[in-house]
Amino acid sequence: MKKLFVCLAALAAGFFAQAQDLNDIHLALTTVQDSAHFYYYVNMYPKLGQWDIKRTRPKEYGYFSEYTLEGKFDRIWLLSPHDAIIKKNGKYALFNLDTKKYTTKFEYLDVRFAWGGPETAPVALYSKTKDYEGWELVRLLDTDGKRTMEPVMTELADSFNFIARNCIKIFHDGKEALINDKNEVVVPYQYAHIGNYIIYDGVTLIDVQNEEGLYGLARIKWDGTIAEIAPCEYDAVHINRWPCLLEKDGKFAIVYDKYGARTDLVFDAVDWYPQGMIVRIGDKFGFQKWGKLKLEIEYDTMEIVASTETKNKKAIAATKSDGDYLYDTNAKLLSFTPVEIPAPADSLVAPADSLVAPADTLAKEE
């Protein structure tokens, strides 16, 4: 089946939730509200082992209160106005708040879920039974107004982590992979480590690492397959900004194209700015922008400064032995101030009196 890539990272920061530690009580949702102004909330009596779910509605909407679930449980987590995770005797199950029935059995040993996304965010359940040992990805769906589940068995995995609401990292035998919430493989088990997951200009970038500890750069394409932009042969890959950088043996290259176009690995330093990059080779500086060297690497100093002469209020200040230069961020010269050459000192000095009366060399004869 053609892999459909649905791992478009959500813009809201809340969508980028890591898998939550269920033992941290502060992470649990204890109150949710549905469209009919009903509130579900959890009564907590940990010392008694008592965890209840109540359904209530305030007076202005017609007061109502009833128990949706009550009993002795280890913990309860509300996922949405429709679903909850119930822990009992060390095992987990899903519970439907609408039907007041369990949608799974108490046979799961671990759970992963993501906060902050829509209520259809998937839940991952780990099962170890005679029939199955691994993670089961459950997508909670609304179908014709009814709440349904769509369980999908993941690839074999030792552990499980949400990178985004519908992009999930799985771990197995020392390697990592990415799947989406339909269990379609985005990145197969071919890397020892998959790092940051970042989108710039519509390009989904990840830094990857091989078993030797060397880094590479990859792009997730729209069809869900992965394309290597740079092979795993670098000491570090910096993708926290775009364009991104490759580093090896203290030298840097700039990757400025989603297909992998990059500069040579020649720069001793690269300083990133929204307007471009100031690069250095040895003790000389230049200005690089989107793969092109806009200012040659021949300046003694260079920095981005505030300016009232440009639309973006930024300019490039640079110096050479002949003077000070000011460019806009497209490398157009705005001004040049030459170095002042001091006037030479006065070299005219009055000559000393060179006329000396000759000594009388004629000795008078006695």
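Reply: Begin with a term. A strand here is a DSSP run of E of at least two residues, numbered from the N terminus. The model is predicted. In it, E1 and E2 form a hairpin with 5 residues between them. In the turn, His37 has a positive phi of about 70°.

Me: How do strands of a sheet pair in general?

Reply: They pair through backbone hydrogen bonds, in either a parallel or an antiparallel way. In this model, E1 and strand E2 (residues 39-45) are antiparallel and share 3 bridges. Thr31 has Tyr41 in E2 as its bridge partner.

Me: How many bridges join E2 to strand E3?

Reply: There are 7 bridges between E2 and E3 (residues 50-57), and the two strands run antiparallel. Tyr40 stands opposite Arg55 in E3.

Me: In what order do the strands lie in the sheet?

Reply: The order is E1-E2-E3-E4, an open sheet of 4 strands with antiparallel pairing. Strand E1 (31-33) and strand E4 (64-69) each have a single partner strand, so one side of each is left without a neighbour in the sheet. From one strand to the next, the twist averages 25°.

Key
Residues are numbered from 1 along each chain as its sequence is written. This is a predicted model: local features need pLDDT of at least 70, side-chain atom pairs count only at pLDDT 80 or more; totals for chains, interfaces and linings use all residues. Side-chain values use heavy atoms; hydrogens and water are left out. Two strands pair if DSSP finds at least two bridges between them. Axes are lines fitted to C-alpha atoms, for helices over the stretch in contact, and angles run from 0 to 180 degrees between N-to-C directions.
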